[in-house]
Amino acid sequence: MSNKMNKMKLSKGILEMKFMSRTREKIEKEKDDAEGRALYSNEITDKMLHESSKYVIETSYVPCEDLIEGRVSYGGMNPEIERIIELEKNKDLAALVEREKAAAAEKQKLRMDVPDEEMARFYTSVVKTMHKKYDRKDKRVQSILPLNVKRMQRPKDDD
């Protein structure tokens, strides 16, 4: 706490400048927090300040139990309400189906960036290039020469 007391305070004129707006907001927030702590210091304990909440407080049990809000009709006693509930269910279902269709279309679009024919042409050219690269040199030279020309051969060693 003594560290906060020794901290230098900026003048009001400097805090009013445009580039100091974040600092001004931070200082105002600290001042408000300090005033709030001073008001409720007798009610708030240190444990309350340093402990995070382990529980979620819900004002109603409706979301916990997945209950239907509003009017409900059973057995055809109020056909108007039954029709409204059915329309709401269908609307939610239709929206879900639309989202799924849109997601599937997007996934298909991403999957089909290159048409199949173009991919096949590219793949065959790659295969030919790789075949040429790793083909043995004597086979390549032989295929270039005409068929009726004989190649020179090594002399046979007769020992």
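The model is predicted, so local features need pLDDT of at least 70, side-chain atom pairs count only at pLDDT 80 or more, and totals for chains, interfaces and linings use all residues. Residues are numbered from 1 along each chain as its sequence is written, and side-chain values use heavy atoms, with hydrogens and water left out.

Start with the fold. The protein chain has 8 helices and 0 strands. Helices (H or I, at least four residues) and strands (E, at least two) are DSSP runs, numbered from the N terminus. Along the sequence, the pattern reads α-α-α-α-α-α-α-α.

Next comes confidence. pLDDT is the predictor's confidence in each residue, from 0 to 100. The protein chain averages 79, and 85% of the residues score at least 70. Among the elements, helix 1 (residues 2–6) has the lowest mean pLDDT, 54. Helix 7 has the highest, 87.

Of the 159 residues, 3% count as buried. Buried means under 20% relative accessible area, exposed over 50%, and partly exposed in between (1.4 Å probe, protein chains only). The accessible surface of the chain comes to about 16800 Å². Carbon and sulfur atoms hold 56% of that surface. Such areas come from the Shrake-Rupley method with a 1.4 Å probe; for residues, only the protein chains shown count as cover.

Two patches follow. Patches are made of residues with over 30% relative accessible area and no salt bridge; like charges are joined within 9 Å, nonpolar side chains (Val, Leu, Ile, Met, Phe, Trp, Tyr) within 5 Å. A salt bridge is a side-chain nitrogen of Lys or Arg within 4 Å of a carboxyl oxygen of Asp or Glu.

One patch is negative. E16, E25, E28, E30, D32, D33 and E35 gather there. Asp and Glu count as negative, Lys and Arg as positive; His and the chain ends are not counted. The place of a charge is NZ of Lys, CZ of Arg, CG of Asp or CD of Glu. D33 lies in helix 3 (residues 21–39). D33 counts as partly exposed because its relative accessibility is 37%.

I27 is also in helix 3. At 29% relative accessibility, I27 counts as partly exposed. The C-alpha atoms of I27 and L15 are 9.5 Å apart.

The other patch is nonpolar. V114, M119, F122, V126, M130 and Y134 form it, with about 590 Å² of accessible area together. Y134 is in helix 7 (residues 116–134). Its relative accessibility is 59%, so Y134 counts as exposed.
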